[in-house]
Amino acid sequence: PYAVDQNGRVINQFEWDFRKKIARQESNSWSFGFNYKFSSKDGKKKNDEGKEGGLDKDKIPGKDENRQEYQDVLNNPDDYVDWSIPWSVNFSYSFRRTANYKYFRSLEGDFYESIDKTTTKTQTLSVNGDIKITKKTKIGFRTGYDFVNKEVSYTSLNIYRDLHCWEMRFNWIPIGPRKSWNFTIAIKSSLLQDLKLEKRKDFRDR
């Protein structure tokens, strides 16, 4: 409801005094999305019984090392792979419009009369998901499209392989300013997380 000065700062005067409007709209945003996950009834049943996939929060392991690993999974769920879901896909769309106003003084300098308005828009569509191609291999992806700049947005491809006590991860960003790849083989145990083989290359490498 308050007006702004020539520097865009809010002043102790109302919009009604300048434009006969109750308020000034500075931004609005819209977004929606949906996701779909496929899992077999058998896999869901095993998860409920605590035999496969997810962890039962009411049954915390007794050993100290197992308790620490269990807590690490709860605190960092995105770092672990859920094998109970064969594939999943997520779509999201967002639109945002922002307006910046500046009022300029009249020639007499006693009140503001003219308005400078700058409008910024963002409009993006994002898609991400993962597919379990074998019993111990999963591929994840993320991409999208920027309708304002008319270009593909952040895109990445991730490959995960369960090697029993070890795990392999390959992360690849094929396009954009963050173009890079990262390959890691590491022990699953959080107690030995520094024991790993890593190779990477990003935009800072020549």
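# Reading a predicted fold, pair by pair

Me: Which residue forms a salt bridge with Arg 169, and how far apart are the closest N and O atoms?

Reply: Arg 169 forms a salt bridge with Glu 167, and the closest N and O atoms of the pair are 3.7 Å apart. The general idea is that side chains of opposite charge can pair when their charged atoms come close. Please keep in mind throughout that this is a predicted model, and that the distance is a value computed from it.

Me: Are the two partners, Arg 169 and Glu 167, buried, partly exposed or exposed?

Reply: The reading rests on relative accessible area, where under 20% means buried and over 50% means exposed, with partly exposed in between. Glu 167 has 17% relative accessibility and therefore counts as buried, whereas Arg 169, at 26%, counts as partly exposed.

Me: How many salt bridges does the count come to, and with which residues does Glu 198 form them?

Reply: The count comes to seven salt bridges. Glu 198 meets the side chain of Arg 200 in one of them, at 2.6 Å from N to O, and it also forms a salt bridge with Lys 196, where the closest N and O atoms are 4.0 Å apart. Elsewhere, Glu 15, Arg 24 and Glu 26 are linked in a network of salt bridges.

Me: Let me turn to the overall plan. How many helices and strands are there, and what pattern do they follow along the sequence?

Reply: The protein has three helices and eleven strands, and read along the sequence these follow the pattern β-β-α-β-α-α-β-β-β-β-β-β-β-β. Of its 206 residues, 22% are buried, and the accessible surface comes to about 15400 Å², with 52% belonging to carbon and sulfur atoms.

Me: How should I read strand pairing, and which strands does β8 pair with?

Reply: One looks at the bridges between two strands and the sense in which the strands run. Strand β8 (residues 156-163) pairs with strand β6 (residues 137-146) in the antiparallel sense over six bridges, and Tyr 160 in β8 is the bridge partner of Lys 138. Seven bridges also join β8 to strand β9 (residues 166-173), again antiparallel, with Arg 161 standing opposite Met 168 in β9. The hairpin of β8 and β9 has two residues between its strands, and there His 164 takes a positive phi near 65 degrees.

Me: Where else is there a hairpin with a positive phi in the turn?

Reply: Strands β1 and β2 form a hairpin with five residues between them, in whose turn Gly 8 has a positive phi of about 80 degrees. Strand β1 (residues 2-4) and strand β2 (residues 10-14) run antiparallel and are joined by two bridges, with Val 4 opposite Val 10 in β2.

Me: Which residues form a nonpolar patch on the surface?

Reply: Val 10 belongs to such a patch together with Tyr 2, Phe 14, Trp 16 and Ile 22, and these have about 560 Å² of accessible area together. Ile 22 lies in the loop between α1 (16-19) and β3 (27-38), and because its relative accessibility is 72%, it counts as exposed.

Me: Which side chains does Thr 137 join in polar contacts?

Reply: Thr 137 is placed in strand β6 and counts as buried, at 11% relative accessibility. Its side chain is joined to that of Arg 161 by a polar contact of 2.7 Å and to that of Thr 134 by another of 2.9 Å.

Me: Finally, which residues is Asn 100 in contact with, leaving aside its neighbours within four places in sequence?

Reply: With those neighbours set aside, Asn 100 is in contact with Asp 116, Lys 117 and Thr 118. Asn 100 lies in strand β4 (residues 87-105) and is partly exposed, its relative accessible area being 46%. Separation in sequence and in space should be read side by side: Asn 100 and Gln 25 are 75 residues apart in sequence, yet 9.4 Å apart from C-alpha to C-alpha.

Definitions and conventions. Residues numbered from 1 in each chain as written. Predicted model: local features only at pLDDT ≥ 70, side-chain atom pairs only at ≥ 80, totals over all residues. Heavy atoms only, no water. Pairing = 2+ DSSP bridges. Helix = DSSP H or I, 4+ residues; strand = E, 2+ residues; numbered from the N terminus. Patch = residues over 30% accessible without salt bridge, like charges linked within 9 Å, V, L, I, M, F, W, Y side chains within 5 Å. Areas by Shrake-Rupley, 256 points an atom, 1.4 Å probe, with all protein chains shown as cover. Buried < 20%, exposed > 50% of the residue type's maximum accessible area, 1.4 Å probe, protein only. Contact = heavy atoms within 4.5 Å. Polar contact = N/O pair within 3.5 Å; in protein donor to acceptor, adjacent residues only side chain to side chain.
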